[in-house]
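Me: I have a structure open and would like to talk it through with you. Could you take a look at it with me?

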Amino acid sequence: MTPITPPPPILFWFRRDLRIKDNAGLYRALTHPSGAPVYCVFVFDRDILDALPSKEDRRVEFLHGCVSQLQASLRQAGGELFIFHDSALKTIPQLAQSLSVSQVFTNEDYEPLAIERDRQIDRKLAALGIGFQSFKDQVLHAKSEVLTQAGQPFTVFTPYKNACLKKLGPQSLQPFPSEKHLKHLAPVKTASALPSLQALGFAPTNLQALKIEAGESGAETLIEKFTTPIDHYHEARDFPAKRGVSYLSVHNRFGTVSIRRLARWAFERDTAGAKIWLNELLWRDFYFQILYHFPHAAQSAFKPKYTLLAYENDKGLFQAWCDAKTGYPIVDAAMRQINQTGFMHNRLRMIVASFLTKDLLIDWRWGERYFAQHLNDFDLAANNGGWQWAASTGCDAQPYFRIFNPVTQSERFDPQGHFIRRYLPELNAVPDAHIHAPWLMSIESQKKSHCTIGQHYPAPVVDHANARLKALALYKTV
DNA sequence: TGAAATGTTGGGGCG
DNA sequence: ACGCCCCAACATTTC
């Protein structure tokens, strides 16, 4: 009788893919030809968490909720999620060794620091004789999958999009049905406790009061809510007072929904709205591949000549922008939205970014950093791409002379001031005619609407017409 | 995924 | 009836 040697186990490491459904790397582990049992691990990485500037961070609370749900899902399927609060660089090789796994599987992460971390982990594992494999999961196309005829990365969105659409279709978007193979999860006798948020060193936020639901179930709820709006996305998406967008960005950030599924959904709807929405998913991919091929953009202007821009960088003006005290209602309402909720509507992201760079003449990287600290859906590539677009320093950016007029934008995209009043109740009684530029109210009108400029609401910190001319002059110097 | 300046046209008021 | 001016409305150009 020859004893059957059981196949050595595989360790699957969850990172930005906190779901069991349609998870590419998890699927590859669970369906490995050897029939290997699969251990799962998540690390609350101290190398990342300890560097966060605030101990009240909605992202950490969201992440905590996602991990909690993931743990429950895996347990329900007879598996377990090992959870650590430590340095991933140290933890993953140690755990892999103690579990005697043959390989560690994970999904690719394209951020420069993550690439470096993975390179080091690969080396450590190799020294232990353990394999390390990662898979494309968080984007539709990665790295160099979509190139120009000349074999170069695209730096203009439209041809990039066209090239993507040629490759994409329900066929190329087939799911990796990881959730159907959970029987290959390795049984684990000892449960792994989920540390409390406080134990991770963080305090609770208003995430629950905002009804921002974490995990795969949170994504499901949003998909359901977006099922009708998706068809009207093209005409509703620019109006922050409407529920015209999906609010799924935070789930794309943490991988609590499959990007393939979202793209497949848009394809199958095939409506005007769904097509534009698919475009937005492709913008996300576009910026991922830009940062992958041009990592210098993470630090400075994509177009090198714009590194020479001598921004004024007035700290007082920057503080006014952060604190929603610019005196321009649409800008201040938008900043209150991010400060209070960690979310900002995309139209407003463009408006406040244009305002910071071209009205306040502040380095786009200051704004980028602020968004990085406050956005629940913060993603290095998308955030950097968006800021460089607005500041005109990026690839395929808006031209430098395209400067949003905050009043015109406000009139166009929040005509009745519904969004403004939602976040600036001090302007509640200001008549519609003056809601976009309240400083133009007469003294009587200010009194009547209980909104004295300079007292209840600030006067504009800069004059747009004047600031615009200064911005044009500044950009023309390079 | 603009806005402002400048140019052109044409209707209407007026002498 | 005619020229002149004003100016809204639209188009083009410039930033």
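Me: What kinds of residues make up the surface near DNA strand B, in terms of nonpolar, polar and charged?
Reply: Keeping in mind that this is a predicted model, the surface near DNA strand B divides into 5 nonpolar, 4 polar and 2 charged residues.

Me: And which residues are they?
Reply: Around DNA strand B are Trp283, Met350, Gln398, Phe401, Arg402, Ile403, Phe404, Asn405, Thr408, Gln409 and Arg468.

Me: OK, domains next. How is chain A divided?
Reply: The assignment gives domain 1 as 10–137, domain 2 as 139–175 + 216–293, and domain 3 as 304–476.

Me: How many residues of domain 1 and domain 3 are in contact?
Reply: On the domain 1 side there are 5 residues in contact with 5 residues of domain 3, and that side of domain 1 divides into 2 nonpolar, no polar and 3 charged residues. The C-alpha centres of domain 1 and domain 3 are 39 Å apart.

Me: Switching to Gln299, where is it found?
Reply: Gln299 sits in the loop between helix H11 (272–293) and helix H12 (315–322).

Me: Is Gln299 buried or exposed, and why?
Reply: Gln299 counts as exposed because 10 other C-beta atoms lie within 10 Å, and the cut-off for exposed is 12 or fewer. Gln299 is also 8.4 Å from Arg365, C-alpha to C-alpha, although the two are 66 residues apart in sequence.

Definitions and conventions:
Residues numbered from 1 in each chain as written. Chains lettered and ligands numbered in written order. Predicted model: local features only at pLDDT ≥ 70, side-chain atom pairs only at ≥ 80, totals over all residues. Near = placed C-beta within 6 Å. Nonpolar A, V, L, I, M, F, W, Y, C, P; charged D, E, K, R; others polar. Domains from an automatic or database assignment. Contact = placed C-beta atoms within 7 Å. Helix = DSSP H or I, 4+ residues; strand = E, 2+ residues; numbered from the N terminus. Buried ≥ 20, exposed ≤ 12 C-beta atoms within 10 Å, placed from the backbone.
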